[in-house]
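Welcome! Please take a look at the sequence and the model below, and then we will walk through some of its features together.

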Amino acid sequence: MPAIPPSPKYALPTTALLLSGGGARAAYQVGVLEAISDLRRACYAHHTPNPFGVLAGTSAGSINATALACGADHFDLAVQRLASHWRALDVGSVYRADHPSLLRTGMHWLGMLALGWAMPSRRRMRPRSLLDNSPLRQRLQQLLPMHRIPSLLDHGYLHALAVTASSYTTGEHVTFFDTRVELEPWKRSQRSSRRTTLTHEHLLASSAIPFVFPASPLPHHAPQEYFGDGAMRHTAPLSPVIHLGAQRVLVVGAGRMWEQPSMAPLPPANYPSLAQMAGHALSSIFLDTLPLDVERALRINQTLSLIPPAERARSNLRPLELLVINPSDRLDRLAAAHLPALPQGMRNLLRVLGVDSQHPEAQSTALASYLMFTPPYIHALMTLGRADTLAKREDVVRFFGWHDRGVAVPLHHNLARHRGLPL
């Protein structure tokens, strides 16, 4: 990464970017970010290094948000690097999916189930997760120069960065954040915040999908807690960016919201497979709370609009401008079409669990949609994210306050760097 230039001569916007979780589904967010980068250049609004003063993420969204934070002095370049990372990603970059590794894990589970009661040291031998995500640690260290973040905060290129995780030790949902503004950590029922210097360990903790990836210890000194995916018990996803001072929030989801069609019901005789139940559980963790919190914020906005301005000014409440971009298609259905791209060992494992690519309407492919870090699926998600954002071009331009000059922005990313877009 280049050296950090002198402090910018502009005021950071009070605009936040909130990226939700969802494992491989987070590739959709990158397509959205690419489209936003191209739109702001098409509107000649790229004179500011960073359109987002506050960056917040959960699970895989925390990795995307942190990648933008590491390049907050050049948003467009940070997006390009993040997109290149995702396009080069494969399953082996995130977790071990080769036959020996999966067989070793399977034998470990079977051995403990069959003979664990007879092993004196069984506590230390208990399996910690279904998959080994040690390759992800190496990938994060290559992708994210997090040592830059304190200087970017000091120089004013970034107002705040927040990463969420869930403590298995205390049962609380925790937002870890860093900012240079005097701000007291907040605490609510079953959720709290901690001011700290963020590290790769916080990202591993935030993206540790329950049962699938192992929990991560934080901090690396006493007292130590074990954390898992930040989407668990995340009852108020908008809360961190509001506490950090955002007045406008761009929310990028990773699954269904209000306008999406529901799945066809299962025939009564079909008992749900393990894959279907696991996918249903993960969807409830990753997808259910965000639309509810957005609806709550919109209701508060409507209530505030009924209060006279003078009365509103005396309260601590303020309207929150929201723009939500979420997939226009069902990602589990999209995943079903790309199952053959998974390594054979993972296909065998998912088949044993009950993943059925022939009947995606049964939601059996939802589990695969979170674990399918394969180029065809990732490219499809990024293409969908870009298309959904460009379909909302008018809303995006109005949200950021840009002036749309009518410059064409190509639908496909390979054409996005044409001469019609300013650099």
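Predicted model: local features only at pLDDT ≥ 70, side-chain atom pairs only at ≥ 80, totals over all residues.

Leaving aside residues up to four places away in sequence, Y95 touches L131, D132, N133, P135, F213, L342, M346, L371 and F373.

## The protein as a whole

Stepping back, you can find 17 helices and 10 strands in the protein. Of its 423 residues, 54% are buried. Among contacts between residues at least 6 apart in sequence, 77% join residues at least 24 apart. The protein exposes about 19300 Å², with 58% of that supplied by carbon and sulfur atoms.

Does the length of helix 10 agree or disagree with what its residue count leads us to expect? Helix 10 (residues 274-286) has 13 residues and, at 1.5 Å a residue, should span 18 Å; its end C-alpha atoms are 18 Å apart, so the two agree.

Buried residues in helix 10 are A275, Q276, G279, L282, S283, I285 and F286. Their cover includes strand 8 (225-229), helix 14 (344-353) and helix 15 (366-371). Y271 sits in the loop between strand 9 (248-252) and helix 10. This residue counts as exposed because its relative accessible area is 71%, and the cut-off for exposed is over 50%.

## Salt bridges

The count of salt bridges comes to 16. One of them joins the side chains of R180 and D178, at 3.1 Å from N to O. R180 is partly exposed at 37% relative accessible area, whereas D178 is buried at 6%.

R194 and E225 form another salt bridge, with their closest N and O atoms 2.8 Å apart. This pair links distant parts of the chain, 31 residues apart: R194 is in strand 6 (residues 191-195) and E225 in strand 8. R194 is partly exposed, at 27% relative accessibility, while E225 is buried, at 12%.

The side chains of R393 and D404 also meet in a salt bridge, at 2.8 Å from N to O. R393 belongs to helix 17 (residues 393-400) and D404 to the segment after helix 17, 11 residues apart.

Technical notes. Residues numbered from 1 in each chain as written. Heavy atoms only, no water. Helix = DSSP H or I, 4+ residues; strand = E, 2+ residues; numbered from the N terminus. Expected span 1.5 Å × (residues − 1). Buried < 20%, exposed > 50% of the residue type's maximum accessible area, 1.4 Å probe, protein only. Contact = heavy atoms within 4.5 Å. Areas by Shrake-Rupley, 256 points an atom, 1.4 Å probe, with all protein chains shown as cover. Salt bridge = Lys/Arg side-chain N within 4 Å of Asp/Glu carboxyl O.
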